[in-house]
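Here is a friendly note to go with your first look at this structure. Please keep the model open beside you as you read.

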Amino acid sequence: MKLQAKAEKLIRSICQEYNNEPTPLMMILSKIQKEYGYIPLEVQEIISEEIHIPVSDIYGVVTFYSFFSLKPKGKYVIGVCLGTACYVKGSQTIIDKFSEILKIKAGETTPDGLFSLDALRCIGACGIAPAISINGKVYPKVTANKVMSIIDEYKKLVAEDAQ
Ligand code: FES
């Protein structure tokens, strides 16, 4: 699929911004993920052209790190930590509850584009395990019982925005 001219321009300008850095790839990918929202194959091809790194290498990096995505992410990205400290305190039941209520598996996005669900490794908040993060905001000591009210909190925000 061909990118729209505006999107292609954005991707190329991000590449050029970091092209002279010694290791531009991670910086470029991070910025594209932030500004464009995801990094599909057609975007990787442009990056490859711009910084002369094979698409296969770029693909390897994009698929290795969970914060890069090949598909568009939802407006709210829910990351449930399944690192050891969180796991022993029941984080599997938390991610299962999100899955059940949102009807998506980890790595998927709801059809309305509102929520994505990700399983994360340690997010550095073991002292307040089990922890989740939503668009970077960390929630401490989450339980499965709190999941519904956390989802409602975001649905309410969306409803307020729509008014
Ligand atoms: S294991 Fe979950 S924050 Fe460290």
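The points below go from the whole chain to its parts.

1. Before anything else, this is a predicted model, in which local features need pLDDT of at least 70 and side-chain atom pairs count only at pLDDT 80 or more, while totals for chains, interfaces and linings use all residues. Residues are numbered from 1 along each chain as its sequence is written.

2. Start with the overall layout. The chain holds seven helices and four strands, in the order α-α-α-α-β-α-α-β-β-β-α from the N terminus on. Helices (H or I, at least four residues) and strands (E, at least two) are DSSP runs, numbered from the N terminus. Along its principal axes, the C-alpha trace spans about 50 × 40 × 20 Å.

3. The domain assignment gives domain 1 (5-64) and domain 2 (76-162); such bounds come from an automatic or database domain assignment. The C-alpha centres of domain 1 and domain 2 are 28 Å apart.

4. Now find the sheet. It is open, with four strands in the order β2-β1-β3-β4 and mixed pairing; two strands pair if DSSP finds at least two bridges between them. Because β2 (115-120) and β4 (137-139) stand at the edges with a single partner strand each, one side of each is left without a neighbour in the sheet. From one strand to the next, the twist averages 20°.

5. The pairings can be followed one by one. β1 and β2 run parallel and are joined by six bridges, with Ala 119 in β2 as the bridge partner of Val 80. β1 and β3 pair in the antiparallel sense over three bridges, and here Ile 78 has Ile 134 in β3 as its bridge partner. Strand β3 (residues 132-134) and β4 also pair in the antiparallel sense, over three bridges; Val 138 in β4 is the bridge partner of Ser 133.

6. Helix α6 (residues 91-102) packs on the sheet, where it touches β1 (76-81), β2 and β3, and its direction makes about 150° with that of β1. Axes are lines fitted to C-alpha atoms, for helices over the stretch in contact, and angles run from 0 to 180 degrees between N-to-C directions.

7. How enclosed is β1 by the rest of the structure? Largely, because five of its six residues are buried. A residue is buried if 20 or more other C-beta atoms lie within 10 Å of its own, exposed if 12 or fewer, and partly exposed in between, with C-beta atoms placed from the backbone. Over the chain, buried residues make up 23% of the 163 residues.

8. The largest nonpolar core has 16 residues, and Ile 78, Val 80, Cys 81, Ile 94, Phe 98, Ala 131 and Ile 132 have the most contacts inside it. Such a core is a set of buried Ala, Val, Leu, Ile, Met, Phe, Trp, Tyr and Cys residues joined through C-beta atoms within 7 Å. β1 gives the largest share, four residues. A second, separate core of eleven residues includes Ile 14, Leu 29, Val 43 and Ile 47.

9. Last, look at a helix pair. The axes of α2 (residues 24-36) and α3 (residues 41-51) come within 12 Å and cross at roughly 145°. Pro 24, Leu 25, Ile 28, Ile 32 and Tyr 36 of α2 meet Val 43, Ile 47 and Ile 51 of α3; two residues are in contact if their C-beta atoms, placed from the backbone, lie within 7 Å.
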